Amino acid sequence: MARAIWKGAISFGLVHIPVALVSATASQGVDFDWLDKRTMDPVGYKRVNKTTGKEVTKDDIVKGVEYQKGQYVLISEEEIRAAHPKSTQTIDIFSFVDSEKIPLQNIDKPYFLAPDKRGGKVYALLRETLLKTNKVALANVVLHTRQHLAALMPLESALVLVMLRWPAEVRELDILELGDEVTSPTLAKGELDMAKRLVEDMSGDWEPQEYRDSFQEKIMELVEKKATEGRLEAVETDPGEEQRKTADVIDLTELLKRSLGGKGKAPDKSAEKPAAKSTKTRKSAPAKKATKASRG
C-alpha cells in the first residue's frame, strides 16, 4: 500500500474505525525551478518591503488582516496557534445525507481510506451500509492544523474521503447573470434532434489511458533529449518526513447498541436474538480470541 499521510479513526456514535489516509491523486505537470544562469545556483524568494523595495528580516515581520482599506488588525503567532482547531485524529461523522445532495462545486480533493489495525470488518460494515442506503457521511476532520468539511463515501471495495469546500467558499450561480435566453430558452425540435444526434455520434467509453497532458509530454521529451546529450546541472534538495498517529479497535456490536440506545427507537426483534448470541460468545471467549474475531 502507498505510504499513509495520516492515521486516525472514523468516529460515529460510539464506534471507532481505525483508518489510514492515502492520497488518491498525484500531482502532475512540469516543475520549473528558478536558477541563476551565471552560476546555475537555485534562486529563492526574498521578503521585500513593497514600499521601499528593501529586504525585511523575519524578526521584523508581523501578520495582519486587512480590516478596511489600508488598515490592518495585527494577530500574534500565539493568537494564531490558539485559533487552530485541536487535532483529534478522528474523522468525526455528524450526519448522513443522500449522495446526490452534495453540489458538484463543493467537491474539492479525494483521499483513499484503508482499514488499519485489524479494523477491516468494521470498515466493510460501514461501506456496505452506505451502499445499501445510498448515503454518504458528512464529517469534520483536522489535517495539518486545518479543519475540513468532508464526505465519506464508498468506492467499489473501499471508502473514499472527499474534502469539501465550505459553503462560504462557493459562489452562487447568480454571479453569472444568465439571461432568459439561457434560463428559459425557446429551442426548435430540429435543433434538439441534431444536437442529440451529434452527442450520440461522439459518445464513447471512459478511457483514462487515452487522456494525456501533451505539454508535459513534450517538455519531458525535451528534458530527456538534453539529459542524454549530457546537458545537465546538479541542484541539491533535502527531503522531509511526517509523523503519524494511530487509533485502536473497539468492540463493534456493543458500541452500535450503545450508540442506538439513546435514540428512543424500538429494536428490531428479528435481529435482536442473533445480536445477543454474538455478544454472549464474545464475553465467554478469551481476550485473544476476541481480538482475532475483530479482524476484517
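1. Surface first. The accessible surface of the protein comes to about 23700 Å², and 53% of that belongs to carbon and sulfur atoms. Areas like this come from the Shrake-Rupley method with a 1.4 Å probe, and for residues only the protein chains shown count as cover. Keep in mind that this is a predicted model: local features need pLDDT of at least 70 and side-chain atom pairs count only at pLDDT 80 or more, while totals for chains, interfaces and linings use all residues. Residues are numbered from 1 along each chain as its sequence is written, and side-chain values use heavy atoms, with hydrogens and water left out.

2. The overall make-up. The protein has eight helices and nine strands; helices (H or I, at least four residues) and strands (E, at least two) are DSSP runs, numbered from the N terminus. Of its 296 residues, 21% are buried, where buried means under 20% relative accessible area, exposed means over 50%, and partly exposed is in between (1.4 Å probe, protein chains only). Among contacts (heavy atoms within 4.5 Å) with a separation of 6 or more, 65% are between residues 24 or more positions apart.

3. The cores. A nonpolar core is a set of buried Ala, Val, Leu, Ile, Met, Phe, Trp, Tyr and Cys residues joined through side-chain atoms within 4.5 Å. The largest one here has 25 residues, and the members touching the most others are Ile10, Ile17, Ile91, Leu113, Leu152 and Leu161. Two or more residues of this core come from each of strand 1, strand 2, strand 5, strand 6, helix 2, strand 7, strand 8 and strand 9 (158–164). Another core lies apart from it, with eight residues that include Ile102, Val136, Val162 and Leu164.

4. Isoleucine 91 up close. Which residues does isoleucine 91 contact, leaving aside its neighbours within four places in sequence? They are Trp6, Ala9, Ile10, Ser11, Val19, Leu113, Ala139, Asn140, Val141 and Leu161.

5. Strand 7 deserves a look. Seven of its nine residues are buried, so strand 7 is largely enclosed by the rest of the structure. Strand 7 runs antiparallel to strand 5, with six bridges joining the two; strands pair if DSSP finds at least two bridges between them.

6. Positive phi values. In the hairpin of strand 7 and strand 8, with two residues between the strands, histidine 144 takes a positive phi near 55°. Threonine 145 is not a glycine either, yet has a positive phi of about 70°; it lies in the loop between strand 7 (135–143) and strand 8 (146–155). At 43% relative accessibility, threonine 145 counts as partly exposed. Lysine 117 has a positive phi near 50° and sits in the loop between strand 6 (107–115) and helix 2. With 31% relative accessibility, lysine 117 is partly exposed too.

7. The expected span of a helix is 1.5 Å times one less than its number of residues. For the 14 residues of helix 2 (residues 120–133) that gives 20 Å, and the end C-alpha atoms are 20 Å apart, which agrees. The buried residues of helix 2 are Gly120, Val122, Tyr123, Leu126, Arg127 and Leu130. Just after helix 2, asparagine 134 takes a positive phi of about 55°. Helix 5 (residues 214–228) has 15 residues and reaches 21 Å from first to last C-alpha, close to the 21 Å expected. Just after helix 5, glycine 230 has a positive phi of about 85°.

8. Aromatic pairs. Rings of Phe, Tyr and Trp (its six-membered ring) pair if their centres lie within 6.5 Å; planes under 30 degrees apart count as stacked, over 60 as edge-to-face and the rest as tilted. How many aromatic pairs does that rule give? The count is two. Phenylalanine 12 and phenylalanine 96 have ring centres 6.2 Å apart and planes at 85°, so this pair is edge-to-face. Phenylalanine 12 is in strand 1 (residues 6–12) and phenylalanine 96 in strand 5 (residues 90–98), so the pair ties together parts 84 residues apart in sequence. Tryptophan 34 and tyrosine 45 make a tilted pair, at 5.3 Å centre to centre and 40° between the planes.
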